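This report is meant for a reader who is meeting the structure for the first time. Please look over the sequence and the model before reading on.

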Amino acid sequence: MLRLLADHPALTPAVAGAHARAGSDVGTVHPQLGAAAGTLVDIAAALEAEVDVCFSCLPHGELPPLLEGAAARVIVDLADDHRGDSAWAYGLPELNRAALAGAARVANPGCYPTATLLCTAPFAAAGVISSPVIVDALSGTSGAGRAAAGHLMLAEATANATAYGTVEHRHVPEMERGLQRFGGLAATVSFTPHLVPMARGVLVTVRAPLTADLDDDGARAILRDAYASEPFVEVLDSWPATKPLTGTNRAHVSARVDARSGFVVASAALDNLGKGAAGQAIQNANALLGIEETAGLSALGVWP
């Protein structure tokens, strides 16, 4: 968040809050930001700051009891506490931009639902798929945050891949709500996320039964029609990959038709810390503050 805001033409970081690292120099905790980035303060002091926007990256469950102490006119919450709350605008601009105008509370989508909905909702809206929707996903270790955990240690994560949360992941309801809301499809989602040995990035591959005749060109045409005017979503002829999107607010999507099984196969890649979190939060803030939506988010990926 702070890295992206450093190049924003209209938003300037005023205060950054922390738990255990409160009192530390930002540049010590995040050396890429430099020595002049300021000092981290405790969470209460950050929430009391008179600012235009508060971006909350607090863990699940921590922001709701603190909201009364928040002085910011606009709050963008990156946790999942408010994604199903009708009082909060769901912040996936490509599918829900109209709801952002004038909003004061925005629930930033999760990285998995963002990737899943971007490559699947257009097919639901076109009426060419049915339930169940099967989602296989890969995520880098930064998707689990910074907490010390054995499965995130270098010795365990390197050269290893494993599934987790296979039948009880809390993002499944968010995906199902999104398919209903943005595609009119009441679908059951079967979701299997995998932890893979990379620092950042999300790749999802979605399979859904087809209800209409469709070929590869037609499948990609549905995606191109959906995102023709979108600055951050690009439709590829090839399959998406995570590395080209590192450090960006961009997403790549594509699709094929598996004629033998009667499924459409769609895929999306994004940076879980960019379009999956901080980048999308800034995109949302831009939209609801009346700033150019792309402001501060023009960075291209790092390759190789």
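In which loop does Pro 132 lie? Pro 132 is found in the loop between helix H5 (111-125) and strand E7 (133-139), where helices (H or I, at least four residues) and strands (E, at least two) are DSSP runs numbered from the N terminus. This is a predicted model, in which local features need pLDDT of at least 70 and side-chain atom pairs count only at pLDDT 80 or more, while totals for chains, interfaces and linings use all residues. Residues are numbered from 1 along each chain as its sequence is written, and side-chain values use heavy atoms, with hydrogens and water left out.

**Backbone features**

Ala 159, although not a glycine, has a positive phi of about 55 degrees, and its place is the loop between helix H6 (154-157) and strand E8 (162-163). Ala 159 is exposed, with a relative accessible area of 78%; here buried means under 20% relative accessible area, exposed over 50%, and partly exposed in between, using a 1.4 Å probe and protein chains only.

**The sheet and its helices**

Seven strands form an open sheet with mixed pairing, in the order E8-E9-E7-E10-E13-E12-E11, and two strands are said to pair if DSSP finds at least two bridges between them. At the edges are E8 and strand E11 (233-235), each of which pairs on one side only. H5 packs on this sheet and touches E7, E9, strand E10 (202-209), E11, strand E12 (251-258) and strand E13 (263-270), contact being defined as heavy atoms within 4.5 Å. The direction of H5 makes about 35 degrees with that of E10, given that axes are lines fitted to C-alpha atoms, for helices over the stretch in contact, and that angles run from 0 to 180 degrees between N-to-C directions. Helix H8 (residues 216-227) lies across E11, E12 and E13 and runs at about 150 degrees to E12. Within the sheet, E7 and strand E9 (residues 189-195) run parallel and are joined by seven bridges, with Ser 139 standing opposite Leu 195 in E9.

**Nonpolar cores**

A nonpolar core is a set of buried Ala, Val, Leu, Ile, Met, Phe, Trp, Tyr and Cys residues joined through side-chain atoms within 4.5 Å. The largest has 43 residues, and those with the most contacts inside it include Phe 123, Ile 129 and Val 253. H5 gives the largest share of this core, nine residues. A second, separate core of 20 residues includes Leu 11, Leu 100, Phe 232 and Leu 288. When neighbours within four places in sequence are left aside, Ile 129 is in contact with residues including Thr 120, Leu 185 and Val 264.

Is Arg 220 buried or exposed? Arg 220, in helix H8, is buried, with a relative accessible area of 8%. Its side chain is joined to that of Asp 237 by a polar contact of 3.4 Å, a term for a pair of N or O atoms within 3.5 Å in which, within protein, one must be able to donate a hydrogen and the other to accept it, residues adjacent in sequence counting only if both atoms are side-chain atoms. Asp 213, in the loop between E10 and H8, counts as exposed at 82% relative accessibility.
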